[in-house]
Amino acid sequence: MRRAIRTEAFLANLPLFAGLHPEELARLAAGTRRLRLRRGATLFGQGEPSTGIHALVHGRIALSTRQPNGKERVSAILCAGRSFAEAIVFLEKPYIVSATALTDALVLHVAKETVF
């Protein structure tokens, strides 16, 4: 139960979920998984089906795209307290970027089915 309370509190502080009722936050927290990533690990790849919304608890994540010439282009570096991949989930499209851990990281993954 303690883990769920922390997850709910973290989600409640994200702009995307701000203002939700406690019952809604509890439902979201119940459909949330904690993903521990090692530095260099890929969270998701460009072109993969979107599976949910991600929120970075600690660490740093690079969002990048593979260019037609094969080079990688970093479009954003995310720090703790940020959510990402929201728009793609709502559009029900594949990820347009890859997400790679620049440091060891803890990510919350709110499943698409839970959000909808």
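I call a residue buried under 20% relative accessible area, exposed over 50% and partly exposed in between, with a 1.4 Å probe and protein chains only. I am working on a predicted model, where local features need pLDDT of at least 70, side-chain atom pairs count only at pLDDT 80 or more, and totals for chains, interfaces and linings use all residues. Residues are numbered from 1 along each chain as its sequence is written, and side-chain values use heavy atoms, with hydrogens and water left out.

**Entry 1: helix H1**

I started with Thr7, which sits in helix H1; helices here are DSSP runs of H or I with at least four residues, strands are runs of E with at least two, and both are numbered from the N terminus. Thr7 has 5% relative accessibility, so I noted Thr7 as buried. Leaving out residues up to four places away in sequence, I found Thr7 touching Ala29, Thr32, Arg34 and Leu108, where contact means heavy atoms within 4.5 Å. The side chains of Thr7 and Arg34 also make a polar contact of 3.4 Å. For that term I use a pair of N or O atoms within 3.5 Å; within protein, one must be able to donate a hydrogen and the other to accept it, and residues adjacent in sequence count only if both atoms are side-chain atoms.

Then I looked at Arg6, also placed in helix H1, which covers residues 2-12. Arg6 is partly exposed at 47% relative accessibility. I read 9.0 Å between the C-alpha atoms of Arg6 and Ala29, which are 23 residues apart along the chain.

**Entry 2: the sheet**

Next I traced an open sheet of 4 strands, in the order E1-E8-E3-E6 with antiparallel pairing. Strands E1 (32-37) and E6 (83-84) are at the edges with a single partner strand each, so one side of each has no neighbour in the sheet. I count two strands as paired if DSSP finds at least two bridges between them. Strand E3 (residues 52-58) and strand E8 (residues 105-111) run antiparallel and are joined by 6 bridges. In that pair I found Gly52 bridged to Ala111 of E8.

**Entry 3: the E4 and E5 hairpin**

I then moved to strands E4 (residues 60-66) and E5 (residues 72-79), an antiparallel pair with 7 bridges. Ala62 has Ile77 as its bridge partner in E5. Between the strands of this hairpin there are 5 residues, and Gly70 takes a positive phi near 95°.

Which residues is Thr65 in contact with, neighbours within four places in sequence aside? I listed Gln46, Lys71, Glu72, Arg73, Ile96 and Val97. Thr65 belongs to strand E4, and its C-alpha is 6.8 Å from that of Gln46, 19 residues away in sequence. I also noted a polar contact of 3.0 Å between the side chains of Thr65 and Gln67.

**Entry 4: charge and surface**

For a salt bridge I require a side-chain nitrogen of Lys or Arg within 4 Å of a carboxyl oxygen of Asp or Glu, and the count comes to 1. Arg38 forms a salt bridge with Asp104, with 3.1 Å between the closest N and O atoms. Arg38 is in the loop between E1 and strand E2 (42-44) and Asp104 in the loop between strand E7 (98-101) and E8, so the pair ties together parts 66 residues apart in sequence. Arg38 is exposed at 60% relative accessibility, while Asp104 is partly exposed at 40%.
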